[in-house]
Amino acid sequence: MKKIILFLLALLLLLTGCLSNTHIQETATSMPKETQKQTPAPQKSLGSSGIVYLFGEQHSVQVILDKELELWQAFYTEKGMRHLFVELPYYTAQYLNLWMKKDNDVILYQLYDDWVGTATQSLIVIEFYKSIKETCPQTIFHGTDVGHQYISTGKRYKEYLEENGLDGTDEYALTLEAIQQGIAFYENRDAVYRENMMTKNFVREFDALSDENVMGIYGNAHTDTDAMDYTGKVACMAKQLVDIYPGQIISESLIEYAKNIPPLRVDMITVEEKEYEALYFGETDISQFEGYATREFWRLEGAWEDFKDCAPTGEVLPYSNYPMLIEIKQVFMIVYHKSDGSSEIRYYRSDGAKFDGEAATSAFVFE
């Protein structure tokens, strides 16, 4: 009788463990915080001898997308490369691979709808992918980000795999893993966790290719081989990859292609009872920072002498955050729009400051 009871208990535990691997909670409770923070990025790899060509972008900018398409077409035709790594979840890239084999764009526009509220939801991004399909039809996408849109794209792809009898495959397991990463990230908007998981996922995909060369397109904050992430707590993805694959990572920022732009308009703005000609350079999305939505950029002409001696606040803003080129001894006014509808104005100057080796502007307050 005791043996029978023990056998039944063991069987029950086994079944419970199996079921837990196939159930996805649509909440942020599936991974304890302690587990998230203790999950390290890999420290070394012997799985691939290929070269990684990383390109840092500002999302959804036409001139940058044009350059990325030109680069990929050259790698595709001249070097025979086929593997394109992108800042998307695993299952989103898999959907793109399905779409590449279709004679319609239904899947692509489903993804476009899923991207609502993000910088990726842009018709110029859709045209970018269409151009890849037309000119580089054997492209294979690899998504290495955490599970964004896990309730929409992730859930739908999981169900697609189940409906096609693929729920016992590695593809299904990786889909579940990406979803769980998304849940874990959005629970606390844990940027350190995300950066480490992006690195871990990149290594997994790259190692599986053995000696293939690949190209990667990611936000510029993830591709600086000498930089920490924006929290300053962990090396960014490219910096981690350099340690894992010494001599195999080549990274280039494409931001300058987007920043050599004229102002969108010229305003007259009064600051500290003096009127300045203010060149307006547009608005950027900063919704990744909790409590914020967007920020708008002005450069105050002829303001350096008036504000060069104002007290610094200690805050710095790297040049990479600006939508335009910056020269030394310039003054900027930035309006931060918050998610609650309120706004705040901050002033910065390009006085030679640095942040983690990158040129930065310094915030200041008036005397």
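Among contacts in the protein chain between residues at least 6 apart in sequence, what percentage join residues at least 24 apart? The share is 70%, where contact means heavy atoms within 4.5 Å. This is a predicted model, in which local features need pLDDT of at least 70, side-chain atom pairs count only at pLDDT 80 or more, and totals for chains, interfaces and linings use all residues. Residues are numbered from 1 along each chain as its sequence is written, and side-chain values use heavy atoms, with hydrogens and water left out.

**Chain overview**
- The protein chain has 12 helices and 12 strands; these are DSSP runs numbered from the N terminus, helices being H or I of at least four residues and strands E of at least two.
- Of the 367 residues in the protein chain, 46% are buried (under 20% relative accessible area, with a 1.4 Å probe and protein chains only).
- The protein chain exposes about 18500 Å², of which carbon and sulfur atoms supply 54%; the areas come from the Shrake-Rupley method with a 1.4 Å probe.

**The open sheet**
- An open sheet is formed by 5 strands in the order S3-S2-S4-S1-S5, with parallel pairing; two strands pair if DSSP finds at least two bridges between them.
- Strand S3 (140–145) and strand S5 (249–253) are the edge strands, each pairing on one side only.
- From one strand to the next, the twist averages 25 degrees.
- S3 pairs with strand S2 (residues 83–89) in the parallel sense over 5 bridges, and Ile 140 in S3 is the bridge partner of His 83.

**Helices across the sheet**
- Helix H6 (residues 123–135) lies across S2, S3 and strand S4 (214–219), and runs at about 155 degrees to S2; angles run from 0 to 180 degrees between N-to-C directions, with axes fitted to C-alpha atoms, for helices over the stretch in contact.
- Helix H9 (residues 191–207) lies across strand S1 (52–57), S2, S3 and S4, at about 150 degrees to S3.

**Helix H4 and its packing on H8**
- Helix H4 (residues 90–100) packs with helix H8 (residues 170–188) at an angle of about 135 degrees, the axes being 8 Å apart.
- That angle makes H4 oblique to H8, since angles under 35 degrees count as roughly parallel, over 145 as roughly antiparallel, 65 to 115 as roughly perpendicular and the rest as oblique.
- From H4, Tyr 90, Tyr 91 and Gln 94 meet Glu 171, Leu 174, Thr 175, Ala 178 and Ile 179 of H8.
- H4 is mostly covered, with 10 of its 11 residues buried; among them are Tyr 95, Leu 96, Trp 99 and Met 100.

Key:
Buried < 20%, exposed > 50% of the residue type's maximum accessible area, 1.4 Å probe, protein only.
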